[in-house]
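Open the model in your viewer and keep the sequence panel beside it.

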Amino acid sequence: MTAPGAEAPVRTAPFPAAPWWSAGTVPGAALRVLLRGAVVAGAAVAVAAAHDAHDPGVLCPLRLLTGVPCPLCGSTTVFIEAGHGRWGAALLANPVTALAAVLLVGWPLGPGRRWRESSYAGRNLLLAAALLPAWAWELARLGPFRF
């Protein structure tokens, strides 16, 4: 509180400048992408090693019960193949999961902002636009419509 007749101190900025590693800066976003990439790569190697030690078989409940794969079938295979360094096989297992992993790793560089700025209807449309082709891919690859 200031005394009557005295001027209040002038604030030039509400917050101090962001440090270089914060998400709002380019080096900070790049650092976050590198860290996310390292975590995903480590998880892929760990999943591949666990799968080599013990293969649990089919994990998808829909596919186990009905024999019909879901749109996310092949997602574990994406990480197993990537953990072994077989990038082509990972992409063929489920292209949508591979793309989603790349987008999540690169989230700080822009896709996250665009996602937050879109409406719920826009988000749902984007998810449907990704899941429908993914399901068609999995039905052709694993399901009753195998070619």
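This is a predicted model: local features need pLDDT of at least 70, side-chain atom pairs count only at pLDDT 80 or more; totals for chains, interfaces and linings use all residues.

A polar contact here is a pair of N or O atoms within 3.5 Å; within protein, one of the two must be able to donate a hydrogen and the other to accept it. Asparagine 94 caps the N-terminal end of helix H5, with a side-chain oxygen 3.2 Å from the backbone nitrogen of valine 96.

Next, select residues 95-105, which make up H5, and pick out its buried members: Thr97, Ala98, Ala101 and Val105. Which side of H5 do they take? They share the same side, because they span an arc of only 100 degrees around the axis. As a rule, residues three or four places apart in an α-helix point the same way, since there are 3.6 residues a turn.

Now go to serine 75, which sits in helix H3. Is serine 75 buried or exposed? Its relative accessibility is 17%, so serine 75 counts as buried, the cut-off being under 20%. Show its neighbours: leaving aside residues up to four places away in sequence, serine 75 touches Asn94 and Thr97. The serine 75 side chain also reaches the backbone oxygen of leucine 72, at 2.6 Å.

After H3 comes glycine 85, with a positive phi near 85 degrees.

Finally, colour by pLDDT. The protein averages 80, and 79% of the residues score at least 70.

Notes:
Residues are numbered from 1 along each chain as its sequence is written. Side-chain values use heavy atoms; hydrogens and water are left out. Buried means under 20% relative accessible area, exposed over 50%, partly exposed in between (1.4 Å probe, protein chains only). Helices (H or I, at least four residues) and strands (E, at least two) are DSSP runs, numbered from the N terminus. The arc is that of the directions from the helix axis to the C-beta atoms. pLDDT is the predictor's confidence in each residue, from 0 to 100. Contact means heavy atoms within 4.5 Å.
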